[in-house]
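Dear colleague,

I am passing on the structure we spoke about, and would be glad if you could read these notes with it open beside you.

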Amino acid sequence: MTTRWLTPEEQRAWRAYIAASLLLEDTIDRQLQQEAGMPHVYYSILANLAEAPDRRLRMTDLAERTKITRSRLTYAVTRLEKDGAVRREGCPSDRRGSTAVLTAEGTTLLERTAPGHVATVRAALFDRLTPEQVGQLEEICASVARGLEGDDPQAAPDDVPWRRRSPGPCA
């Protein structure tokens, strides 16, 4: 098999992507640590729970939405539980499953932290782009994500760490 090396244009695009993504994640992480004492991944967990019906998600679904491994999610949720931002409940229909629930304290923390987070994201990313570039960024990122996840998430392979599906919703 012959290696299909990156063209000079692809190499420049790849390096620009790596630099931008690392710098952006660092900028967001520093802002959240300074303002709320939490990393970006914890904020993402709280935000996903806030957007979910009844502010609750099965842990496997939360892992898939946040794109982190179940073990990393378990660690993060345990920390958020200690801080009172999240609580875990068992799943009545599946004793192995559990659900993460956003608490009132977590909602307050998210409401207090969101304005600074949005200002940082806006200043670091969107204020630097034209409206056309915003559309292109969405299109490019969605295309890459679909390709990596599989166009049909239900038919995609389970080799992605957060892809391991639960038997169904807790009832």
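This is a predicted model: local features need pLDDT of at least 70, side-chain atom pairs count only at pLDDT 80 or more; totals for chains, interfaces and linings use all residues.

Residues are numbered from 1 along each chain as its sequence is written, and side-chain values use heavy atoms, with hydrogens and water left out.

The chain has 6 helices and 3 strands (DSSP runs, H or I of at least four residues for helices and E of at least two for strands, numbered from the N terminus), and their order from the N terminus is α-α-β-α-α-β-β-α-α. Of its 171 residues, 31% are buried, that is, under 20% relative accessible area with a 1.4 Å probe and protein chains only, whereas exposed means over 50% and partly exposed lies in between.

Turning to the helix pair, S44, I45, N48 and L49 of α2 are in contact with L62, R65 and T66 of α3, contact meaning heavy atoms within 4.5 Å. The residues of this contact comprise 3 nonpolar, 3 polar and 1 charged (nonpolar being Ala, Val, Leu, Ile, Met, Phe, Trp, Tyr, Cys and Pro, charged being Asp, Glu, Lys and Arg, and polar the others, Gly among them).

As for the glycine, G90 lies in strand β2, residues 86-91, and counts as exposed because its relative accessibility is 57%. Beyond its neighbours within four places in sequence, G90 is in contact with G97 and S98.
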